[in-house]
Amino acid sequence: MLPQDWLPDDSILEGMRALGAPPEVIARVSDGIEARRAKLEAIYGNGDCEIWPENLLAFQAFIALQHQWNYVAMDGIRVGLRFESIRAWLEINITGRQQNTRRRELFADLLVMERAVINADRELAAQTRKE
């Protein structure tokens, strides 16, 4: 099953209201969030996903950073992870021998996952526009 904290939440709507966004814009973004939730639940359903041991740290880092996305204005479109947050996480969590090499490798892994999410978001948006 897709973890609930992977689904788009309403925090962006709360932020939009706090900043005085027009109701019609908030409604459009809310509809987009609901459509994305439905698509993600349809794609992932109740299936489990195996994580190989060599990918576990990258997965854990990605989950830890899941609330560190940069968004385009009020459209709610993710454009990338906040690099300063990635750096802070790496500095706190990757210590010891060969830490610089391990950090670079993990950073590269995070960029691959970031790109995959952005591409998936674009595909979902394209499908939503077609419907």
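Student: With which residue does D121 form a salt bridge, and how far apart are the closest N and O atoms?

Tutor: The model is a predicted one, and the account below should be read accordingly. The partner of D121 is R78, and the closest N and O atoms of this salt bridge are 2.8 Å apart. D121 has a relative accessibility of 9%, which is under the 20% limit, so D121 counts as buried. R78, at 19% relative accessibility, falls under that limit too and therefore counts as buried. Side chains of opposite charge can pair when their charged atoms come close.

R82 forms a salt bridge with E84, with 2.8 Å between the closest N and O atoms. R82 is partly exposed, because its relative accessible area is 29%, and E84 is likewise partly exposed, at 49% relative accessibility. The remaining bridge joins E91 to R87, where the closest N and O atoms are 2.9 Å apart. E91 and R87 both lie in helix α4, four residues apart, which is about one turn of the helix. Here E91 counts as partly exposed at 38% relative accessibility, whereas R87 is exposed, with a relative accessible area of 56%.

V79 has 46% relative accessibility and so counts as partly exposed, in contrast to R78, which counts as buried at 19%. V79 contributes, together with V72 and I77, to a nonpolar surface patch of about 220 Å².

Apart from its neighbours within four places in sequence, F62 is in contact with W69, L81, L110, M113, E114 and V117. F62 counts as buried because its relative accessibility is 14%, and W69 is buried as well, with a relative accessible area of 7%.

The ring geometry of this region can be described next. A pair of aromatic rings is described by the distance of the centres and the angle of the planes. The count comes to two aromatic pairs. F62 and W69 form one that is edge-to-face, at 6.3 Å centre to centre and with 85 degrees between the planes. The rings of F83 and F107 have their centres 5.3 Å apart and their planes at 85 degrees, so this pair is edge-to-face too. The pair links distant parts of the chain, with F83 in helix α4 and F107 in helix α5, 24 residues apart. F83 is partly exposed, given its relative accessible area of 43%, and F107 also counts as partly exposed, at 25% relative accessibility.

Q66 is placed in the loop between α3 and β1 (69-72). With a relative accessible area of 16%, Q66 is buried. Its C-alpha atom is 9.8 Å from that of E114, although Q66 and E114 are 48 residues apart in sequence. E114 is also one of the residues in contact with F62.

Finally, the whole protein supplies the setting. There are five helices and two strands, and from the N terminus on the elements run α-α-α-β-β-α-α. Of the 131 residues, 28% count as buried. Among contacts with a separation of 6 or more, 62% are between residues 24 or more positions apart. The protein exposes about 9000 Å², of which carbon and sulfur atoms supply 54%.

Definitions and conventions. Residues numbered from 1 in each chain as written. Predicted model: local features only at pLDDT ≥ 70, side-chain atom pairs only at ≥ 80, totals over all residues. Heavy atoms only, no water. Patch = residues over 30% accessible without salt bridge, like charges linked within 9 Å, V, L, I, M, F, W, Y side chains within 5 Å. Areas by Shrake-Rupley, 256 points an atom, 1.4 Å probe, with all protein chains shown as cover. Salt bridge = Lys/Arg side-chain N within 4 Å of Asp/Glu carboxyl O. Buried < 20%, exposed > 50% of the residue type's maximum accessible area, 1.4 Å probe, protein only. Contact = heavy atoms within 4.5 Å. Phe/Tyr/Trp six-rings, centres within 6.5 Å; stacked < 30°, edge-to-face > 60°.
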